Amino acid sequence: MWRYSATVDSLWPRPSRRVAELMRDIAERLLASTSAAVDAVLAAAHEGAEYRALVEDPQLAAADRHMSKAHFRHWLSATLQNPGARVAPCVDPEVLQFARDLVRRGLDMHDLGSWRGAQHVVWDLWVDACFAATADVEELRDLVKVSERSMVTFIDDSIAALDEYVEQERADLARGANAERHSTVQLLLEGAPIGRALAESRLGYALTGSHVAAIIWSGSTDEAAGLDAVAEAVMRICAAPRRFTLNASATALWVWVPADTVPPAETAEDTLAAYPGIHVAFGRCGRDLDGFRRSHLDAAAAQRLLTRIGSARPVVRYEDVALVSVLTADMAQADQFVTDTLGDLATADPVLRQTVLTYVRERFNGSAAAERMFTHRNTIERRLARADQLLPVPLADNAASVVAALMLVQLRD
């Protein structure tokens with residue numbers, strides 16, 4: 001790992017006692033509000049991100065947030081201990097794991113991080129705190145000069161350290177067959193022209209026929225041990241004879257199976273109940289090269305939906321939530337849509353809401369809905385009448401919107 005020069009560090013100018021005290025006070029205050037500051041940092045960083053993959057992948061975005069928080073806290077903590085000193089690069093294990101995951105995706109750490117955009121926001125926060133800490137012009141000038149030298153050098157040193165680490169990881173990955181598999185999948189997902197025979201030989205997976213893609217992920221590395229077992233279970237419930245699996249990150253797998261149908265969510269949930277903390281998003285079934293690509297993109301959209309709305313649901317199928325996915329692109333508008341469409345039904349008994357969903361899914365057949373819910377038809381009719389009382393517009397006049405809003409509420413629950 002890259003190291004800064006000890007000789008240069010020993011010659012580093014030290015701040016006055018008063019400036020050191022001010023830096024400690026500011027660092028202590030900002031450490032207490034790290035999360036809010038990191039949100040501002042990420043908003044700036046992601047505006048300049050060259051690759052949408054970082055912003056759109058929930059796990060990469062979460063890892064990027066952790067990296068920004070780790071770097072921010074690292075510099076603040078070092079400043080609290082030794083104000084104005086040169087701060088060594090942050091080598092947090094999860095930051096290094098994030099770098100490895102980016103290399104696996106064929107992404108570049110230097111471009112994705114938008115380091116300078118993040119640095120500008122952090123610097124603005126620090127300068128505001130400096131102006132609030134003292135009104136003495138001489139103190140303020142020294143405080144800003146010492147702080148800038150420390151922060152800018154820390155960012156430069158961190159970039160250099162991570163760049164060297166990424167290059168080593170890229171070299172290690174290039175020596176393995178896994179690199180070729182990753183690059184081939186990326187070409188397929190981007191729709192790049194690549195021959196079927198060449199792609200199949202690299203992947204060891206036939207691209208003809210039907211495909212169902214799934215993304216399997218966990219919220220932490222502690223739960224990631226069960227990912228491969230879940231991939232096997234996905235293959236079985238899809239009645240597929242084999243699977244193609246790609247390690248997307250330390251906590252996620254991309255899986256494709258040659259199957260004609262996507263299993264019902266309830267069936268998948270029952271099968272995967274033994275693996276708490278692991279989630280699965282299924283794409284729609286597709287055929288041949290385009291189906292291989294499209295099914296994965298569907299699964300990725302379903303995964304983003306769960307992350308966006310904060311849902312803990314273990315299994316989601318894109319075909320069940322496609323409309324909700326579109327509606328929640330703007331969460332403020334989605335919330336307003338639910339309020340306007342459902343009225344008081346949004347907060348009613350979950351059984352009442354499920355009755356409406358089941359009734360519509362059974363093609364407005366009360367007897368079929370009663371059979372599905374193991375109750376009497378008269379009970380279904382009473383519930384539907386009650387739902388109409390709560391809805392701003394009767395169900396019969398607004399069924400599609402009601403179902404979409406109910407599905408969003410159900411996912412959040």
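**Note on local packing in a predicted model**

1. The side chain of Ser 249 reaches the backbone nitrogen of Ala 252 at 3.3 Å, a polar contact (a pair of N or O atoms within 3.5 Å; within protein, one must be able to donate a hydrogen and the other to accept it, and residues adjacent in sequence count only if both atoms are side-chain atoms). Ser 249 belongs to strand E2 (residues 244-249); helices (H or I, at least four residues) and strands (E, at least two) are DSSP runs, numbered from the N terminus. With a relative accessible area of 7%, Ser 249 is buried, where buried means under 20% relative accessible area, exposed over 50% and partly exposed in between (1.4 Å probe, protein chains only).

2. This is a predicted model, in which local features need pLDDT of at least 70 and side-chain atom pairs count only at pLDDT 80 or more, whereas totals for chains, interfaces and linings use all residues. Residues are numbered from 1 along each chain as its sequence is written, and side-chain values use heavy atoms, with hydrogens and water left out.

3. His 211 lies in strand E1 (residues 210-218) and is buried, at 0% relative accessibility. A polar atom of the His 211 side chain is 3.5 Å from the backbone oxygen of Asp 288. Residues up to four places away in sequence aside, the contacts of His 211 (heavy atoms within 4.5 Å) include Tyr 205, Val 257, Arg 284, Asp 288 and Phe 292.

4. Val 234, in helix H12 (residues 227-237), is buried at a relative accessible area of 1%. Not counting residues up to four places away in sequence, Val 234 touches Ala 214, Ile 216, Val 280 and Phe 282. The C-alpha atoms of Val 234 and Val 280 are 8.8 Å apart, although 46 residues separate the two along the chain.

5. Beyond its neighbours within four places in sequence, Leu 395 is in contact with Val 356, Tyr 359, Val 360, Leu 384, Asp 388 and Val 402.
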